[in-house]
Amino acid sequence: MLVKSLSILLTLTSVLGLTLPSLDPSSRRETLAEAAHNARVLVKDLKTGTMASVYPDSTDFAGRPFAMMEYHAPCYSNGSLTLILMPISRSTQNIFQNPGHHVAYTVSMPTEGVRSPMSRGRVALMGNVTTLRDISTSQAEKLSKCYTSYHPDSKYWLPGNEDSPHTSYWARLDIDRIYYVGGFGDVHYIGPIPVDLYAKSEHEVHDEEYKFLEKDLDQMVF
Ligand SMILES: *[C@@H]1O[C@H](CO)[C@@H](O)[C@H](O)[C@H]1NC(C)=O
Ligand SMILES: *[C@@H]1O[C@H](CO)[C@@H](O)[C@H](O)[C@H]1NC(C)=O
């Protein structure tokens, strides 16, 4: 009973991002460096995310947020993401029509079968999007090769594909702010990740491994 109430308390405080000493003295907290690495692995392993944009002044919904699933591909060593923008999409229209071209792009660990989805890692990458309209054929080929390695189905709507049902453009999301939630705050890092640290964490991503801690709160009984 005591353990149960403690766990509930721990869960509640963790959800609020506060930390309490762990019930298990052998556990430790995810470090900032691990968080940067884990965020890069998340973005590499997961093929889709949620793109948040803002309705532009010219619309009835001016200033209101809009979020929808998109594809990304981690084709830059410094963490910038490759996107395909289609003028038919609401997200693309919001990006094109806002002067700063700002977005937030969130990637989250899958939660199926997990007792407490709140214990799962997620990261929000904030920045601005540049449309790559004047790239060389060889640059476009590199992007196609990288992008289709993550999204084989996208070959039907790659920029420049004459059979594509919609006009599309290559684009790059450059990141200037990162907010990471590793899971519950007593064992996971929660907070900003410096962009420089994230940018440098690439070489470690090749080992593919999500650096963490055998022990996770969702395996506990609560
Ligand atoms: C990453 O590289 C892209 C493309 O060269 C550049 O535009 C962007 O500013 C870089 N971002 C960082 C954080 O270095
Ligand atoms: C994105 O932001 C950078 C620096 O914050 C700026 O230099 C660049 O012009 C912006 N790009 C777009 C497409 O607005």
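Helices (H or I, at least four residues) and strands (E, at least two) are DSSP runs, numbered from the N terminus. The model is predicted, so local features need pLDDT of at least 70 and side-chain atom pairs count only at pLDDT 80 or more, while totals for chains, interfaces and linings use all residues. Residues are numbered from 1 along each chain as its sequence is written, and chains are lettered from A and ligands numbered from 1 in the order in which they are written.

The protein has 6 helices and 7 strands, which follow one another along the sequence as α-α-β-β-β-α-β-β-α-β-β-α-α. Of its 222 residues, 29% count as buried, where buried means that 20 or more other C-beta atoms lie within 10 Å of a residue's own, exposed means 12 or fewer, and partly exposed lies in between, with C-beta atoms placed from the backbone.

Helix H2 (residues 32-45) has 14 residues and reaches 20 Å from its first C-alpha to its last, close to the expected 20 Å, a span defined as 1.5 Å times one less than the number of residues. Among the buried residues of H2 are Ala36, Ala39 and Leu42.

Ala39 also belongs to the largest nonpolar core, which has 33 residues, and is listed with Val123, Leu173, Ile178 and Tyr180 as having the most contacts inside it. Such a core is a set of buried Ala, Val, Leu, Ile, Met, Phe, Trp, Tyr and Cys residues joined through C-beta atoms within 7 Å. Strand S6 gives the most to this core, with 7 residues. Leaving aside neighbours within four places in sequence, Ala39 is in contact (C-beta atoms, placed from the backbone, within 7 Å) with Val123, Ile178, Tyr180, Ile193 and Tyr198.

Strand S6 (169-181) and helix H5 (195-200) each supply at least two residues of the shell around ligand 1. That ligand is surrounded by Tyr76, Asn78, Ser80, Asp174, Ile175, Val195 and Ala199, a residue being near if its C-beta atom, placed from the backbone, lies within 6 Å.

Around ligand 2 stand Gly100, His101, Asn128, Thr130 and Asp176. Returning to His101, this residue has a positive phi of about 55° although it is not a glycine. Most residues other than glycine have a negative phi. His101 counts as partly exposed because it has 18 C-beta neighbours inside 10 Å.

Technical notes:
Contact = placed C-beta atoms within 7 Å.
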